[in-house]
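Reader: I'd like to go through this one with you. Could you show me the structure before I start asking?

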Amino acid sequence: MEKTKKLTIDNRIDYGVILPVFLLSLIGILSLYVALDHDPNRPEIASMLIKQGLWYLIGVVSIIVIMHFSSKLLWRLTPIFYGIGLLMMGLLLKFYDPFLEQQTGSKNWISFGGTTFQPSELMKIAFILMLAYVVTMHNVKYRDRTLKTDGLLIGKMALVAIPVIVLILLQKDFGTMLVFIAIVAGVFLMSGISWKIILPVFLAGLILGAGMIYLVTTDTGRDLLNKIGFKAYQFERIDLWMNPFHSDQNRSFQPALAITAIGSGGLFGKGFNVSDVYVPVRESDMIFTVVGENFGFIGSCFIILLYFILIYRMIRVCFETNNEFYAYLATGIIMMILFHVFENIGANIGLLPLTGIPLPFISQGGSSILGNMIGVGLILSMKYQKEAGIAD
């Protein structure tokens, strides 16, 4: 009887999700050690590694707890989570960390007891839950889809998204805003909205993207953006992306050195804990440069493969669930992680401008680790609850 019970519990856990997360977290600890060990500012390596390890531990505990949340419980708690998230984001405008605001230009950090935290990382999860909640409620009410009901759904999604986007803009955190937009786009495409609406929206997005490129690359466009609140450092990030090896080394320092560090790793890398190229803020946004320099092209591809496996397993869970709420929830989490990976690695290798987005499970940062771990916990809860026979 005990053996049968053990096998049943094991079958309820998706190890295909857990394994890549474990390996990415292990690589994160090792990469953080290399980045700190070669930091000329001589940080307290042991204490920072312990702190990072504690965040991983808190994340694991969160996964275990969340796995036991039924869909009914999540459904009831979702509006509460969303409301608390909005409150935290609103309070952040007043109680942000002034030192980090001066360094980063964003009011997205709060500090207490020597520890900094980014509420927007947890807001991403609450936002995904609320989007899934709204879309599911709408689709249950309007089984016969028309352009009118689809337009009503878009309006409901906008009501969920606009307050969050506004708060993010007030915090001057453009990179995080892009993550929220990616989440909305993923849920939007999966919500069953007619292609007659999706196609014009897609074309409008292309036109908007082309317009933004024109605005940030021309003097006339930049004058207009300056009038509506864009800052000099935001334009500088665009300039550094377009020309990382600028003759002014003070301006092109970080992106140029990131590309140099990754390229210097060659095919197989220089070996563990070798750092011949110094890259500023390597432990967080630029952690991928450690992998590129130490383990080369092969090691970098292995990291990307782990993310592909993780995303693939999450998509499998999304298709296997018979719960509509879970399906939209999984879509949002997949888009969140996928966009983080795409933007971070793209910025490290010079394909995209720097936006300050961390690499999931690898970059230093407790709030990022906790947010991603909660997302993994929600994915795991789908199979755990389904196999237990209690998911609706």
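Reader: Where does His 38 lie?

Author: His 38 sits in the loop between helix H2 (15-37) and helix H3 (45-67); helices here are DSSP runs of H or I with at least four residues, numbered from the N terminus. Bear in mind that this is a predicted model, where local features need pLDDT of at least 70, side-chain atom pairs count only at pLDDT 80 or more, and totals for chains, interfaces and linings use all residues. Residues are numbered from 1 along each chain as its sequence is written, and side-chain values use heavy atoms, leaving out hydrogens and water.

Reader: Why is His 38 called partly exposed?

Author: Buried means under 20% relative accessible area, exposed over 50%, and partly exposed in between, with a 1.4 Å probe and protein chains only. His 38 has 30%, so it counts as partly exposed.

Reader: What does His 38 touch?

Author: Leaving aside residues up to four places away in sequence, His 38 touches Asn 273, Val 274, Ser 275 and Tyr 278, where contact means heavy atoms within 4.5 Å. His 38 and Tyr 278 are 240 residues apart in sequence, yet 7.7 Å apart in space, C-alpha to C-alpha.

Reader: How do you know that the span of helix H6 agrees with its 23 residues?

Author: The expected span is 1.5 Å times one less than the number of residues. For H6 (residues 119-141) that gives 33 Å, and the end C-alpha atoms are 33 Å apart, so the two agree.

Reader: And what makes H6 mostly covered?

Author: Of its 23 residues, 19 are buried.

Terms used:
Helices (H or I, at least four residues) and strands (E, at least two) are DSSP runs, numbered from the N terminus.
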